[in-house]
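User: Please take a close look at the ligand site. What holds the ligand there, and what lies around it?

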Amino acid sequence: MTEFNDRFLKACRKEATDRPPVWFMRQAGRYQEKYRAIRQKYSLVDICKIPEVCAEVTLLPIQQFGFDAAIVFSDIMIPLEPMGIDFEYKPGVGPIINNPIEFKKDVVRLKTLDFTKDLQYTGKSLEILKKELNVPCLGFVGAPFTLASYMLEGGPSKSYIKLKSFMYQETEAWHMLMDKLATNMADYLLFQVESGAMAVQIFDSWVGILSQADYREYVFPHMQKMVQYLKEETEVPVILFGTNSSHLLLDMKATGADVIGIDWKTDLPDAWKSMNYEVAVQGNLDPTLLFGEWDLIENRAKTLLDSIPNKPGYIFNLGHGILPKTPEENVRKLVNLVQGK
Ligand code: CP3
């Protein structure tokens, strides 16, 4: 095995690296021919629950493209099943919840995760990966808000009326829900760290639908508590990512996260400057740009790289998850470009 590549961890800790580390959110997935072949045999949930298959899928993008970090293959919905949420995946739509939360009693009923029996497969997958990888593997969870959005809406949503109605009207139950999710997801991250994850990312994909005032009132206290608890219990870097979140970046930073993920609509150098370079940043090429001609991708990637101030703590990534049908050749070229190959 070649020497361990710790560029990603160094950048998370704002230490100097010879070049920016690069990984892509959702880097193992349907744009890969090899993933689609494995999906012929196994469902998404099977892949998450069979450690050998999970490890194989997690390794695919590392073997194919040489990313500087891996992310354990799973989904943000997976830990909700042992909490009592019954869901399925609708192809092309996303997770659909069969027993969405409607009343306070549904929140009260949610179970506490027990890592002596729940989610053992994720732990086993991470143990295998630790042996097989020479780059760090990230663990991850969905943020309480993003998970709550699925639990209350019953699936993806455009208006988030059910979610916001519950938040505004059933405020006490809302806070109980956020607290339960924050505690359980923090414990799940710590379990992933014990099992071999060397950094963790909290995906708050849909939080950008909140105003700053609502974020501060209904979400921030839980995020701060969650991140502070992680910081007390582990030394691994904590990455916090949201989309459409340029108006929330300073609050996200105030949670105490080590790295802030910047979405593709936000100007990354401006965002970093606005945070006084006190955190590391990760991002943020538009994932749909990868459907363009290579000349355009190269041009935009170079523009982004050239715009990054010469300070430690930058991680190259897309500004949201990589999309199905993304040409694999463009991924290969882009990773090589960042790595100076
Ligand atoms: O390699 C990796 O990065 C790990 C894989 C990963 C998956 N989901 C696997 C998956 C990660 C990090 C996630 C996180 C996730 N899941 C998020 C946060 C990141 C983001 O993109 O905002 C969210 C919001 C979800 C919920 C979810 N699960 C959606 C919206 C979908 C897509 C539905 C569809 O069919 O387009 C899923 C299903 C899912 N999770 C797939 C994968 C590879 C695709 C389904 C499949 O393989 O059949």
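**The ligand site**

Analyst: Arg-39 has a polar side-chain atom 2.5 Å from an oxygen atom of the ligand. Ser-205 also uses its side chain: an N or O atom there is 2.4 Å from a ligand oxygen. Gln-27 uses its backbone instead, with a polar atom 3.2 Å from an oxygen of the ligand. Such polar contacts are pairs of N or O atoms within 3.5 Å. Taken alone, the ligand exposes 870 Å², and the protein buries 91% of that (Shrake-Rupley areas, 1.4 Å probe).

This is a predicted model: local features need pLDDT of at least 70, side-chain atom pairs need 80 or more, and totals for chains, interfaces and linings use all residues. Residues are numbered from 1 along each chain as its sequence is written, and side-chain values use heavy atoms, without hydrogens or water.

Now the shell. The ligand is surrounded by 23 residues, each with a heavy atom within 4 Å of it. Arg-26, Tyr-35, Arg-39, Ser-205 and His-320 are the closest. By class, the shell has 13 nonpolar, 6 polar and 4 charged residues. Asp, Glu, Lys and Arg count as charged; Ala, Val, Leu, Ile, Met, Phe, Trp, Tyr, Cys and Pro as nonpolar; the others, Gly among them, as polar.

Where does the shell come from? Helix H2 (33-41) and strand E3 (94-97) each supply at least two of its residues. Helices (H or I, at least four residues) and strands (E, at least two) are DSSP runs, numbered from the N terminus.

Methods: Polar contact = N/O pair within 3.5 Å; in protein donor to acceptor, adjacent residues only side chain to side chain.
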